[in-house]
Amino acid sequence: MINSVSGYGSTGTICEDIAFVLEREGHECFIAYGQATTNYKKSFKIGTILENHLHNLGSRIFGKQGYFTTNGTKKLLNYIDSINPDIIHLHNLHGNYLNLPILFAYLIKRNKPVVWTFHDCWAFTGKCAHYTDVACYKWQSHCSQCPQTKKYPASLFLDRSKLMFSDKKEWFTSIENLTVITVSKWLESQVKKSFFKERTIKTIYNWVDVEIFKQIDSKEVIVEYGLNPKKFTILLVSAHWSENDVKWIDLLALSKLISDDMQIIVVGHVESKSKLPENIFHINYINSKIKLAQLYSFSDVYVHLSTEDTFGKVIAEALSCGTPAIVYDVTACPEIIGEGCGYVVEKRNVNQMASAINTIKKNSKTFYSANCRNFVIENFNIYSNINATIDIYKS
């Protein structure tokens, strides 16, 4: 597998989850990654820290991401040759750690079966990982004049989206034996409008370990974080909360609409902690699955304010712990809310969000819990969904 990270964040966890199941079945699995570190034994770090920084700098100055890290990528190809794998499984290739021309020339020449999981929309656009907020659909024909030049992956000066779209289309469509995995039906619908439309495309939802994410005792996190167990609790989880982000704006708006017997818990890095209202309790980014499960279990409702999600794993984790969720009616989020598992409200309609919270408070969490748990077990179970991935390898 090739991914930007291994064992870190949602995509890095997904890679290692697949690896551990493969190993239990007697297979060998290797993970090549570009950023951070990993404890996975059969791993390969692509490029040096210096190469990563220079790639990031080159991407920002020249507007082209994925054209640097030459030495690191050549060493990766030697590593792949030494392993001689049956399958090469690609994940997130963006992140300033790979030379795409060199990698895809190799994949085309070697002609090994390739599986590619799309965790976002980057693979079929000229630049962007997401585009719905700006309603830009040029990728269906040919990207140019990108409205998000300075957004991830950021370019300081130049818009090279037209060139990168041409390059990506040429490289990616030249792989003969390619199966695309999408992590939601919504993403599958988008890919079928892209230059991948002639390829085999299969949706396999991301998964949740239901043995970890379940209703468990929350006393430990109550004590550790000094939480108030007497108040109705609204939980929000995101890696990063920025002042310019719509999530932050909607969070502050929501805090003004809830009653005094409610509290909001926000998990993740917050840029401006001093600007948080009194009814919002902040907890820094949590990497522990057990602590997250305890927080989901402690909370009465999970609220998801993201507007561009191709899956929404934290939503599924909350449901797995028996906690109902409320999401916006955008991208893949509604797919994660089964019947009786919570509510879907109009995009960025914070008043509707507050009304749905009040409905859950009135009905009580237990009214939804069984439906939440059962929906996750049926649709997002770690073993059934990983085995569906392995079935693609075998085919």
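## The second largest pocket

By class, the residues lining the second largest pocket comprise 15 nonpolar, 3 polar and 3 charged ones. The structure described here is a predicted model. The space in the second largest pocket amounts to about 500 Å³. Its lining has 21 residues, and Glu28, Cys29, Pro85, Asp86 and Ile87 are the closest to the pocket centre. Helix 3 (70-83), strand 4 (88-90) and helix 14 each contribute at least two residues to this lining. Helix 3 contributes the most, with 4 residues.

## Enclosed cavities

The largest cavity has a volume of about 90 Å³. A total of 13 residues line the largest cavity, and Cys128, Cys136, Cys143, Cys146 and Pro147 lie nearest its centre. The lining of the largest cavity is made up of 7 nonpolar, 4 polar and 2 charged residues.

## Nonpolar cores

The largest nonpolar core contains 109 residues. Within this core, the residues with the most contacts are Ile2, Leu93, Phe104, Trp116 and Phe196. Which residues does Leu93 contact, leaving aside its neighbours within four places in sequence? The partners of Leu93 are Ile2, Leu98, Leu100, Leu103, Phe104, Trp116 and Trp122. Another core, of 19 residues, lies apart from the largest one, and its members include Cys15, Leu22, Ile181 and Ile392.

## Salt bridges

Side chains of opposite charge can pair when their charged atoms come close. The model has 11 salt bridges.

| Glu25 | Lys394 | 4.0 Å |

Glu25 forms a salt bridge with Lys394. Glu25 lies in the loop between helix 1 (9-24) and strand 2 (31-33), while Lys394 belongs to helix 14 (residues 382-394), so this pair ties together parts that are 369 residues apart in sequence. Glu25 is partly exposed, at 38% relative accessibility, whereas Lys394 is exposed, with a relative accessible area of 58%.

Because Glu224 lies in helix 7 (residues 219-225) and Lys291 in helix 9 (residues 289-298), the pair ties together parts that are 67 residues apart in sequence. Glu224 counts as partly exposed, at 41% relative accessibility, and Lys291 is also partly exposed, with a relative accessible area of 22%.

Salt bridges that share partners join Lys185, Glu188 and Lys192 into one network. Is Glu188 buried or exposed? Its relative accessibility is 11%, and Glu188 therefore counts as buried, the limit for that class being under 20% relative accessible area.

Definitions and conventions. Residues are numbered from 1 along each chain as its sequence is written. This is a predicted model: local features need pLDDT of at least 70, side-chain atom pairs count only at pLDDT 80 or more; totals for chains, interfaces and linings use all residues. Side-chain values use heavy atoms; hydrogens and water are left out. A nonpolar core is a set of buried Ala, Val, Leu, Ile, Met, Phe, Trp, Tyr and Cys residues joined through side-chain atoms within 4.5 Å. Buried means under 20% relative accessible area, exposed over 50%, partly exposed in between (1.4 Å probe, protein chains only). Contact means heavy atoms within 4.5 Å. On a 1 Å grid over the protein atoms alone, a cavity is a set of points where a 1.4 Å probe fits but cannot get out, and a pocket is an open set with protein on both sides within 12 Å along at least five of seven lines; lining residues have an atom within 4 Å of a point. Grid points are joined across faces, edges and corners, and a volume is the space filled by probe spheres set on the points. Ala, Val, Leu, Ile, Met, Phe, Trp, Tyr, Cys and Pro count as nonpolar, Asp, Glu, Lys and Arg as charged, and the others, Gly among them, as polar. A salt bridge is a side-chain nitrogen of Lys or Arg within 4 Å of a carboxyl oxygen of Asp or Glu.
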